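Here's a protein to look over together.

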Protein chains: 2
Amino acid sequence: MPKFYFEDFAPGWTIELGPRRVTREEIIGYAARYDPQPMHLDEEAARHTMLGGLAASGWHTCAIMMKMIADGFLLDTASMGAPGVEEAKWLKPVRPGDSLTVRGSVRAARASQSKPDRGFVTLHWEVFNQRGDKVMTLTCPQMIQRRRAGAA
Amino acid sequence: MPKFYFEDFAPGWTIELGPRRVTREEIIGYAARYDPQPMHLDEEAARHTMLGGLAASGWHTCAIMMKMIADGFLLDTASMGAPGVEEAKWLKPVRPGDSLTVRGSVRAARASQSKPDRGFVTLHWEVFNQRGDKVMTLTCPQMIQRRRAGAA
């Protein structure tokens, strides 16, 4: 049974997740499977790219963050899915050995007009490395079931 | 040596990639690692969710598309990276056995004002399944090296 419903995600809600260490092996493993660009795949080749050394695919950072979000609260939430991404920014490289923390906050929340069983929450995510550098931000709408369908 | 530079990505440029078949095993494998929500992880549990059956994580669809883009032309392009995502929409579920094709087009292209060696291209991506349903769209800026730095 879910612990959290739409009503629990009002503006002001925040969460801190992690830290989560990122290894060289998983950076290369993800890249080989899904984003085989030299800066994500091979240390020597990466030195000659704009990133100046091996760094995680931006999509890999999204995936790591998603796992932290799922384990952190989403699996305990009456989520009805996410229709997409409003915006994502890859601000700094994520390096082998980096330890990531994620900070989430609610930007907006509104009950659905047409479907009384649910509401829409806009979540804003910031990812930091162990030095406090912001490496990524993500803004995502999330559909969440209401605890009391149709209540005011 | 790259084959494609900024000058090659004018509005009107299009590309078709795929088909690429998505298996049940990889849907579950990705979900276990990065997005362990029931609708991505377990057929029986997925039947009771809003997706009505097992479907790939939206982030997994992004990853599959990224690999098709890399293999399709990006590894032959003088890419200088992507600063993020302007917008992504997950429109329909991607099911086990689906065969995905990707259509890309250039929305906008402009040379950098401050850095004469590069330009910015806004790429729009659409992903279709074997029935022609549009399952996802993505709009992404891409930084690409100019063939002739500073030329008009």
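Two strands pair if DSSP finds at least two bridges between them.

Before going on, know that this is a predicted model, where local features need pLDDT of at least 70 and side-chain atom pairs count only at pLDDT 80 or more, while totals for chains, interfaces and linings use all residues. Residues are numbered from 1 along each chain as its sequence is written, chains are lettered from A and ligands numbered from 1 in the order in which they are written, and side-chain values use heavy atoms, leaving out hydrogens and water.

| Pair in chain A | Bridges | Direction | Residues facing each other |
|---|---|---|---|
| strand 4 and strand 5 | ten | antiparallel | A:Val106 and A:Leu123 |
| strand 5 and strand 6 | eleven | antiparallel | A:Glu126 and A:Thr137 |

Strands 4 and 5 of chain A make a hairpin with six residues between them. The hairpin of strands 5 and 6 of chain A has five residues between the strands, and there A:Gly132 takes a positive phi near 85°.

Is strand 5 of chain A largely enclosed or open? Ten of its eleven residues (118–128) are buried, so the rest of the structure largely encloses the strand. Buried here means under 20% relative accessible area, with exposed over 50% and partly exposed in between (1.4 Å probe, protein chains only).

Together with A:Trp59, B:Trp59 and B:Trp125, A:Trp125 touches the most other members of the largest nonpolar core, which has 81 residues. Such a core is a set of buried Ala, Val, Leu, Ile, Met, Phe, Trp, Tyr and Cys residues joined through side-chain atoms within 4.5 Å. Beyond its neighbours within four places in sequence, A:Trp125 has contacts (heavy atoms within 4.5 Å) that include A:Trp13, A:Phe73 and A:Met136.

How do the chains relate? Rotating by 180° with 0.0 Å of shift along the axis superposes chain A on chain B, with an RMSD of 0.0 Å; copies are superposed by least squares on the C-alpha atoms of residues with pLDDT of at least 70 in both. That's the relation of a two-fold axis. In chain A, the C-alpha nearest the axis belongs to A:Glu87, 2.7 Å from it.

How values were computed. Helix = DSSP H or I, 4+ residues; strand = E, 2+ residues; numbered from the N terminus.
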